[in-house]
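Please report on the fold of this protein and on how its aromatic rings pair.

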Amino acid sequence: MSTNASSVDPLATLGSLPGVADSVDSVRKAVDRVYGHRVMRRRSNEITSEAALRGARGSAALSGADWALEEVRRRTDFGVEPEARTVGAALRLTAEAGQLLSIWRQSPLRVLARLHLVAASGAAGDDTVGRPRLAGEAVDEPLIEAPLPDASEVTGRLDGLAELIIAGSSAPALVVAAVVHGELLALRPFGSYNGLVARAAERIVLIGSGLDPKSICPAEVGHAEQGRAAYLAAFEGYLSGTPDGMAAWIAHCGRAVELGVRESTAVCEALQRGAA
């Protein structure tokens, strides 16, 4: 997607693509239902914590560390083998996302740098951490095999994305979140953990927009549940830049939120029965 700022709001334009309005409406209704659950009135903090754990597990699974939820819950050491580092990075990002909401609208690039710094925590002496990659620097991103934009293109498109976020948009939160997610996957601006950072940024948009203010609708769960193949196929639609491709990516992200809602609804029901 071209993210050059102009008098036309390109994100709002995406909201008018065929089928996108239906996705937006379906997501809003699903979110409203879980927020109206009786357990949310008394135990919303527990739902938020559980959603964070499950969201981190889902994001890590898409990045190649597909651990059982209970394994993620019980482990305390995430600093040794690669899969453990991926899970640890996902957990740290999920915890950090809620702390960055006030900065996002003023300085999204600062937030993205912080997210990468948090994800890559422990990479002492690595001067690539927390900054966009430079020309010639490698990218370790096991899932995404699309052509890698060069460093100068990354800088320009990141600046354009930041301008759009700072300017604000009349587009629905789902559309903005999907574009932020897709653009970061396309650019892979950092040397590592780009998928985790992209999904954390999506989470920030969904929370900060007011769609999911308590962070109880983990889209990462839904992305993982739909599977890697579906995730990559939808992302190909984003990369195509065509109306149909963009609509398919937004719909995929919408379905991910709905599946996250279903997950948290199940947690609410378990708490209501006294089984969790």
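The model is predicted: local features need pLDDT of at least 70, side-chain atom pairs count only at pLDDT 80 or more, and totals for chains, interfaces and linings use all residues. Residues are numbered from 1 along each chain as its sequence is written, and side-chain values use heavy atoms, leaving out hydrogens and water.

The protein chain has 13 helices and zero strands, where helices (H or I, at least four residues) and strands (E, at least two) are DSSP runs numbered from the N terminus. Its radius of gyration, taken over C-alpha atoms, is 18 Å, close to the 19 Å from the globule rule (2.2 Å times the number of residues to the power 0.38) for 276 residues, so the chain is as compact as a globular protein of that length. The C-alpha trace spans about 55 × 45 × 35 Å along its principal axes. Of the 276 residues, 53% count as buried, meaning under 20% relative accessible area with a 1.4 Å probe, protein chains only.

Five aromatic pairs are found in the whole structure; rings of Phe, Tyr and Trp (its six-membered ring) pair if their centres lie within 6.5 Å. Phenylalanine 235 and tryptophan 249 have ring centres 6.1 Å apart and planes at 65 degrees, so this pair is edge-to-face (over 60 degrees; under 30 is stacked, the rest tilted). The two residues are 14 residues apart and link distant parts of the chain.

Key:
Buried means under 20% relative accessible area, exposed over 50%, partly exposed in between (1.4 Å probe, protein chains only).
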